[in-house]
Amino acid sequence: MNWGVITPLLIFLIVMFIIGFWANRYVSSSDSFLQEYFLGGRELGGFVLAMTMVATYASAGSFIGGPGIAYTQGLGWVLLSMAQLSTGYFVLMVLGKKFAIMARKYEAITLIDYLKERYKSKWVVLLSAASIIIFLFSAIAAQWVGGGRLIESLTGLPYTTALFIFAVSVLVYVVVGGFRAVAMTEAVQGVVMFIGTLILLIATVMAGGGIPKIMADLSKENPNLITPYGFDGSLSPLYVSSFWILVGVGVVGLPQIAVRAMSYKNSKAMHRALVIGTVVVGFIMLGMHLIGVFARPILPGIEIGDKVMPMLTLKILPPWLAGVVLAAPMAAIMSTVDSLLILVSSAVVKDVYLNYIKPNASDDTVKKVSFWVTAILGVLVFLMALSPPDLIIWLNLFSFGGLEAAFIWPVVLGLYWQTGNKYGAISSMVVGVGSYILLNSYYPNAFGMHTVVLPILLSLIFYVGVSLLTQTSSSKLQLER
Amino acid sequence: MKHKEKANDPRFKIAKKEAYIGIGLVLFNFIWWFGFAYGMGSAPVEKYSYVFGLPAWFFYSCVAGFVVMVILVIVAVKFFFKEVPFEDEVEEGGSQ
């Protein structure tokens, strides 16, 4: 066991626990447990808001998977990753103030709350909850595996032990502290990710002998590596551009991101978060993926992309600094996982249990149920992660696509287009998710674009079309009231 | 009753405008990114020029693009975005 590396990581974990328990004081003393546990009391300030959005979004994919692919593909993959810059500003601008105001009006704590009030439909709620639970479960498991593997490669502990340590660490502060703990720890994790990226980028450039030399080495090995087209010229402009939807603007439909657009305290916080978020997310994406490319001349011949980042760090940095830097992907994974856990837990507790199973549950009951559901979810994911799947990054992106196809139009058009109604929303969700699953299984990347593009188009057509067609029947109902 | 309040709320006009700004920014971002990447990048590799050691297509589309977008976001927020209160003005119906 390399204690030089592990010590900074341990310190990092302990800080997370402390924050979790600190947040629990708010949970205990709050008069609205649900609002506090699942939404941090709507009190997030600008810096924390920015960090929590970045941290929730940036995950194992950004720190391990992405650089791993960049190692193989070259600068073309870095180009692709820069589509994600838009997540820093687009979501908050588009959902923005109206969403925050409407959510307060509806007293919505979860995204599903918001949809329920907007469409007044049991089916919208149930379909949404089902989508969240199904798609996020696999995403959480994928991240969990990433966390376990990271600890495994750093400590030499067997995978199961590593996984267990990771699971316990995350569950402690999430179960105890709720959303506020999640947001606060993400603020810390965001800073860690930023600093980690900076340190590693500088060290990598130095180890490679400077950027011009690295570029020369790369083009000597394979000139395609420094073109936008990937190592074998197969990254077409259409394919790469289609990622602007999956990991760029489509992100507005992800519940774990949208819920944060409900959680901040005032306009000032939002404005600050826009700037901070854009800077941080852009820097991390650009930096980490460049590191993946630069690593190639320094550490040639690595077969498994996911190993590039940890191996590079351990090779070119002194142990204690490596520990600090490796806290970054750890932070990214934990911060994504904790947000997803809270999200699924809120779907089960608030949107299904409280809505339909036991609406009159006492506060104490709700508290107990929330704690237990979050804990049990964590255990279930742990069990699923025990036999790790092979394709972490693609599992993650699969869940993104499904969620985006389900939620993007009911949320965004629901906000700005009054004519959108529940029939439009329901058909949009069914068509979006259904077509996504079908296309993903039988005809992926149709027309050379990412699989998500067609379902999003289809769900748009259905949302608009069905809403317009059923317009008279729903407005008639309103007149009759 | 809810509908009337919704339609006339002046904050929503502001919010809608800001949403359009978001859309405008992302379109600009995409065009910049695409234009430099595939415009300059489609030249043969031997003819590439380099800025700070990076191929020019990459520098302009990704690095400069990043900086430009940050500046635009700052400008948008500072000059075009307005602060609005989120709480509704509650009509006090007398103390209860």
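K97(A) and E18(B) form a salt bridge (a side-chain nitrogen of Lys or Arg within 4 Å of a carboxyl oxygen of Asp or Glu), with the closest N and O atoms 2.6 Å apart. The model is predicted, so local features need pLDDT of at least 70 and side-chain atom pairs count only at pLDDT 80 or more, while totals for chains, interfaces and linings use all residues. Residues are numbered from 1 along each chain as its sequence is written, chains are lettered from A and ligands numbered from 1 in the order in which they are written, and side-chain values use heavy atoms, leaving out hydrogens and water.

**Salt bridges**

- Side chains of opposite charge can pair when their charged atoms come close.
- Over all chains, the count comes to 7 salt bridges.
- One pair crosses between chains, linking K97(A) in helix α6 of chain A to E18(B) in helix α2 of chain B.
- Across the interface of chain B and chain A, the rule finds 1 salt bridge.

**The interface of chains A and B**

- Chain B gives 52 residues to the contact and chain A gives 56 (contact means heavy atoms within 4.5 Å).
- About 4400 Å² is buried between the two chains, 75% of it on carbon and sulfur atoms; buried area is the accessible area (1.4 Å probe) that two parts lose on being put together, summed over both.
- On the chain B side, Y38(B), F66(B) and F86(B) lose the most area to chain A, together 17% of what that side buries.

**Helices α6(A) and α2(B)**

- Helices here are DSSP runs (H or I, at least four residues), numbered from the N terminus.
- The axes of α6 (residues 90–106) of chain A and α2 (residues 10–41) of chain B come within 6 Å and cross at roughly 155°; axes are lines fitted to C-alpha atoms over the stretch in contact, and angles run from 0 to 180 degrees between N-to-C directions.
- α6(A) and α2(B) are therefore roughly antiparallel to each other, a term for angles over 145 degrees.
- The crossing of α6(A) with α2(B) is left-handed, meaning that the near helix is turned anticlockwise from the far one by less than a right angle, with clockwise giving right-handed.
- Residues of α6(A) that meet α2(B) include F90(A), K97(A) and K105(A), and their partners include R11(B), E18(B) and V26(B).
- By class, the residues of this contact divide into 12 nonpolar, 1 polar and 5 charged; Ala, Val, Leu, Ile, Met, Phe, Trp, Tyr, Cys and Pro count as nonpolar, Asp, Glu, Lys and Arg as charged, and the others, Gly among them, as polar.

**Helix α13(A) and its partners in chain A**

- Helix α4 (residues 60–73) packs against α13 (residues 267–298) at about 45°, with axes 7 Å apart.
- α4(A) passes α13(A) in a right-handed crossing.
- Among the contact residues are F63(A) and Y71(A) of α4(A), and M288(A) and A295(A) of α13(A).
- This contact has 9 nonpolar, 5 polar and 1 charged residues.
- α13(A) and α14 (residues 308–316) of chain A pack at about 65°, their axes 10 Å apart.
- α13(A) is therefore roughly perpendicular to α14(A), the term for 65 to 115 degrees.
- α13(A) passes α14(A) in a left-handed crossing.
- M288(A), I291(A), A295(A) and I298(A) of α13(A) meet V308(A), M309(A), L312(A), K315(A) and I316(A) of α14(A).

Note on methods: Helices (H or I, at least four residues) and strands (E, at least two) are DSSP runs, numbered from the N terminus. Angles under 35 degrees count as roughly parallel, over 145 as roughly antiparallel, 65 to 115 as roughly perpendicular and the rest as oblique.
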